[in-house]
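Dear colleague,

Please find below the structure I am handing over to you. My findings follow directly after it.

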Amino acid sequence: MASIIKVNTIQDATNSNTAMSVDTAGRVNFPTLPRVTVTYSADDHYVTDSTIQHRITMVGITFGGSNGRFTVPVSGDYALSYFNMINGVASGTGVVEWNIKKNGSDILLRAYQAADSSYWSNMGCSGIVSLSASDYITIECGAASASYDGHGGNYSGFSMHLLG
């Protein structure tokens, strides 16, 4: 026997925070789903509060400006995406990498690109990673045989959201 549950809103019992709502067309919204999207304001080698330009969306995931950590509130699988532009080498062509790290050491994703001082190169990476509550993500620039810079403004950004 099939059952039908008709609800418009699901809230937590303690604080009445809306966890899910369904509109009359059946579209589902999760207003408290942990997520963050940011762009950077300055050319830099790692993410700190001074380089965050726009906190376009910040729900549930906290950002520590002094240490560049994006800390997740709940365990689950998270979609991560990063993009940037790079420029510069001391001489010739070198290689630049941006690493997305878990808890400061485990490299989860890496964007890797040749750099040349005569033009800006696009680079990016994305993936799905499993995180536990209170794990944190950092984004750091590293290089092999290159003097480099990451671009700021709308030319670089990071996003992360809970999949489930």
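Two salt bridges are counted in this predicted model, taking a cut-off of 4 Å between a side-chain nitrogen of Lys or Arg and a carboxyl oxygen of Asp or Glu.

One of them joins the side chains of Lys 102 and Asp 135, with an N to O distance of 3.8 Å. Lys 102 belongs to strand β9 (residues 94–102), whereas Asp 135 sits in the loop between β11 and β12, so this pair ties together parts that are 33 residues apart in sequence. Asp 135 counts as buried, its relative accessibility being 11%.

The side chains of Arg 27 and Asp 23 also meet in a salt bridge, at 2.8 Å from N to O. Here Arg 27 is exposed at 58% relative accessibility, and Asp 23 is partly exposed at 31%.

Ser 134, in the loop between β11 (121–131) and β12 (136–144), has a phi near 80 degrees, a positive value in a residue other than glycine. Its relative accessible area is 56%, so Ser 134 is classed as exposed. Ser 16, in the loop between β1 and β2 (18–22), likewise has a positive phi, near 60 degrees. Ser 16 is partly exposed, with 43% relative accessibility.

Finally, a nonpolar patch on the surface is formed by Ile 5, Val 7 and Ile 10, which together have about 290 Å² of accessible area.

With kind regards

Definitions and conventions: Residues are numbered from 1 along each chain as its sequence is written. This is a predicted model: local features need pLDDT of at least 70, side-chain atom pairs count only at pLDDT 80 or more; totals for chains, interfaces and linings use all residues. Side-chain values use heavy atoms; hydrogens and water are left out. Patches are made of residues with over 30% relative accessible area and no salt bridge: like charges are joined within 9 Å, nonpolar side chains (Val, Leu, Ile, Met, Phe, Trp, Tyr) within 5 Å. Accessible areas come from the Shrake-Rupley method with a 1.4 Å probe; for residues, only the protein chains shown count as cover. Helices (H or I, at least four residues) and strands (E, at least two) are DSSP runs, numbered from the N terminus. Buried means under 20% relative accessible area, exposed over 50%, partly exposed in between (1.4 Å probe, protein chains only).
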